[in-house]
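Please find below a short note on the model under review. It is set out as numbered points.

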2 protein chains.
Amino acid sequence: MESSAALVPFSQLPSFFPQKPNNRISKAHPSWPSKPRTSLPTRIHCQKMYVPGFGEASPEAKAANNLHSFFTYVAVSIVTAQLESYNTEAYEELMEFLSRNSLNDGDKFCADLMRESSRHQALALRILEVRSAYCKNDFEWDNLKRLACKMVDESNTRLMRDYVLETSHVDNEGK
Amino acid sequence: MESSAALVPFSQLPSFFPQKPNNRISKAHPSWPSKPRTSLPTRIHCQKMYVPGFGEASPEAKAANNLHSFFTYVAVSIVTAQLESYNTEAYEELMEFLSRNSLNDGDKFCADLMRESSRHQALALRILEVRSAYCKNDFEWDNLKRLACKMVDESNTRLMRDYVLETSHVDNEGK
């Protein structure tokens, strides 16, 4: 019963990363002994590091955009699992639609689903409602922050430890 | 000066979306008039919707993993921009390394950068430090939540409005 989400096709993903060069409201970068960019009059000096390459948007907006796609995917998974347990006909219809349409662009997926038939339209409205409820009520934002920070710390430690182990020949001569 | 990040290559991205079917600690799904899944004894009933397909992990862990890659990308962008302004030699070296190595797997990128040369190693350590500081101090988590929820609401409204406009022939007969 829980396997339904595995059938959702994802060949490509919306990109986190901006493709074109541009400017963002600047931030000073106090962590490093670099020259302050006092020559640039438009820069706003604050205690945050300057992040280039996000244009008019911000890293937060870029990440939010990616999460938006993710929430659509989660909403489709939730609705699919619900339908599977009590409405086999609608489940089959949604799975058939999923097999023909990519979820990479979640909004386009929902727009197309709305226009497929009146039954599909009801499913689309339900997916919209679920993704809104999931984003606001169910998704654990504090947990996201905690996990992401933990992941960065653990990865940093692991990368440095692996490097030290690899280059240290004290206990491990032949390596 | 701000264009440095545009040179970072990103042909593929780490996936938000799980590929294989599996179970997760279950949640009830009270939003819909569905049958409660009382037949499954292992399920924990709470007020959240059941999200299938994330295995041992959670949607939050999946999203955190994606943000982890994003933070590495941001850290590389930050360091590149800093170097460009005061250490052209290191900037050139990092850009040259970036042209040869993908940032899709941020941890592998850092591991490879560490092993390139002692100068590259210093850059790698700096990237690790920046991504940790960025994640903990600079990234605006509250803003992320606000933007993502706003994006979902606006998209839902737009999708429904567009559909109504398209199917309504009251003011727009020929369409």
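1. Basis. This is a predicted model, in which local features need pLDDT of at least 70 and side-chain atom pairs count only at pLDDT 80 or more, while totals for chains, interfaces and linings use all residues. Residues are numbered from 1 along each chain as its sequence is written, chains are lettered from A and ligands numbered from 1 in the order in which they are written, and side-chain values use heavy atoms, leaving out hydrogens and water.

2. Helix α4 of chain A. Helices here are DSSP runs (H or I, at least four residues), numbered from the N terminus. The 21 residues of α4(A), 118–138, should span 30 Å at 1.5 Å a residue, and the end C-alpha atoms, 28 Å apart, agree with this; the expected span is 1.5 Å times one less than the number of residues.

3. Packing of α4(A). Its buried residues (under 20% relative accessible area, 1.4 Å probe, protein chains only) include H120(A), R126(A), R131(A) and D138(A). The buried residues pack against α1, α2, α3 and α5 of chain A, together with α1 and α5 of chain B; contact means heavy atoms within 4.5 Å.

4. The counterpart helix in chain B. S132(B) belongs to α4 (residues 118–138) of chain B. With a relative accessible area of 12%, S132(B) is buried. Beyond residues up to four places away in sequence, S132(B) touches V152(A), D153(A) and N156(A).

5. Aromatic pairs. Over all chains there are 14 aromatic pairs, that is, Phe, Tyr or Trp (six-membered) rings with centres within 6.5 Å; planes under 30 degrees apart count as stacked, over 60 as edge-to-face and the rest as tilted. F71(A) and W141(A) pair edge-to-face, 5.8 Å centre to centre with 75° between the planes. Because F71(A) lies in α1 and W141(A) in α5 of chain A, this pair ties together parts 70 residues apart in sequence. F71(A) is buried at 0% relative accessibility, and W141(A) is buried at 10%.

6. Surroundings of F71(A). Ring pairs join F70(A), F71(A), Y134(A), F139(A) and W141(A) into a cluster. Outside four places in sequence, the contacts of F71(A) include R131(A) and C135(A), as well as A148(B) and V152(B) of the other chain.

Note on methods:
Helix = DSSP H or I, 4+ residues; strand = E, 2+ residues; numbered from the N terminus. Buried < 20%, exposed > 50% of the residue type's maximum accessible area, 1.4 Å probe, protein only.
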